[in-house]
Amino acid sequence: MGKSWVGWLAFLVLATTIGVTSCQALWGPSGSASEQTE
Amino acid sequence: MSAERYGGAFSPGGATNADKQASPAAGNRFRGRKARKVDVRGLLLFVLPTPLLFAGLGNIGAGDVVGAAINLAAYASLILGAWLLREGQRAEAAYDARAVAKPPAFPRKLVAAVLAADGIGLAAYFGWGQDILTAAVFSVLTIASHIAAFGLDPMKPKGIDLDDAEASRVSEALDKAEAKIAEIAELARSTRDREIENRVETMLAAVRDMLRQIEADPRDLTRARRYLSVYLVGAHEATRKYAENHEDLGDSALRDDYLLLIGDLEQSFAEGHDKLLQDDRTDLEIEIEVLRERLGQDRT
């Protein structure tokens, strides 16, 4: 039972990382990918 | 009290009383099959990177080619990772369902974790504009949480010793038979005929019973060789030809012949399975007898 909690917690971290990074890439401070590359 | 399914002689799958007595197809066609698990978490991984797709499309609209390429590459990497994870979970389910199995040849779940980390690294560094160290930390966090959440691929062979050529041969024969079963089921579905689908599934359930029996006692493979190399291949050929030609020919007599063949094959597989069980019982009886005789000799 304890193991499944770890799995869900890890998934929460993973989902937050993917979600936040994707949203920041869309609306984030740098705005567009090319600003960083320029 | 027993319930009987509603339906007459002309209902789909309906059979007359005489048919019911003659056909052993009353077995459950889902016997020996496991329901496929749907992992909501795995599906969410397809949805979560969607903003990256919009970011890439927005870049194209703004004429920013480099930005679009990077955002779309990050999106593609995450989606490819999610797809590989799903394939890895399917391979793992197939591995778990078998008593004798080799590990999947390609570590799909591990590569899925690497692809997710790669996508996040790209999106964090270029899209979000974080420094390289932060992007690297995000990548490591992604790979670690991915492995903790979904685990790694099975790495060890199960129920067999790879040095043992005989066991390896059994595993290969089972793999081939499973592949043939999947192809036959797919061909039957392509006929879009519910009765044929049901009858073929019932026959395949009998084949699966036989495969489980071989898994339990790999010595049975030699005895079952005729069933797997002649009957199963014959069933595959007949189903393929029927699926390819039934629409052009439109011949109901051909359909009846095909159904009869499937019924006969199912009966043969069921009898074969019973025979294997009986042989195992005989083997065990002989072993017990021999041991008892030896014990008797040692006592005297």
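Student: At what angle do H2(B) and H4(B) pack, and how far apart are their axes?

Tutor: First, some ground rules: this is a predicted model, where local features need pLDDT of at least 70 and side-chain atom pairs count only at pLDDT 80 or more, while totals for chains, interfaces and linings use all residues. Residues are numbered from 1 along each chain as its sequence is written, with chains lettered from A and ligands numbered from 1 in the order in which they are written.

Now, your pair: H2(B) and H4(B) pack at about 160°, and their axes are 8 Å apart. Axes are lines fitted to C-alpha atoms, for helices over the stretch in contact, and angles run from 0 to 180 degrees between N-to-C directions. Helices here are DSSP runs (H or I, at least four residues), numbered from the N terminus. So H2(B) is roughly antiparallel to H4(B), a label for angles over 145 degrees.

Who touches whom? From H2(B) come Gly42(B), Leu45(B) and Phe46(B), and from H4(B) Ile79(B), Ala82(B), Leu85(B), Arg86(B) and Gln89(B). In contact means C-beta atoms, placed from the backbone, within 7 Å. By class, that's five nonpolar, two polar and one charged; Ala, Val, Leu, Ile, Met, Phe, Trp, Tyr, Cys and Pro count as nonpolar, Asp, Glu, Lys and Arg as charged, and the others, Gly among them, as polar.

Chain A comes in too: 30 residues of chain B are in contact with 25 residues of chain A. H2 (40-47) and H4 (65-97) of chain B are among the helices that each supply at least two residues to that side, but H6(B) gives the largest share, seven residues.

Note on methods: Two residues are in contact if their C-beta atoms, placed from the backbone, lie within 7 Å. Angles under 35 degrees count as roughly parallel, over 145 as roughly antiparallel, 65 to 115 as roughly perpendicular and the rest as oblique.
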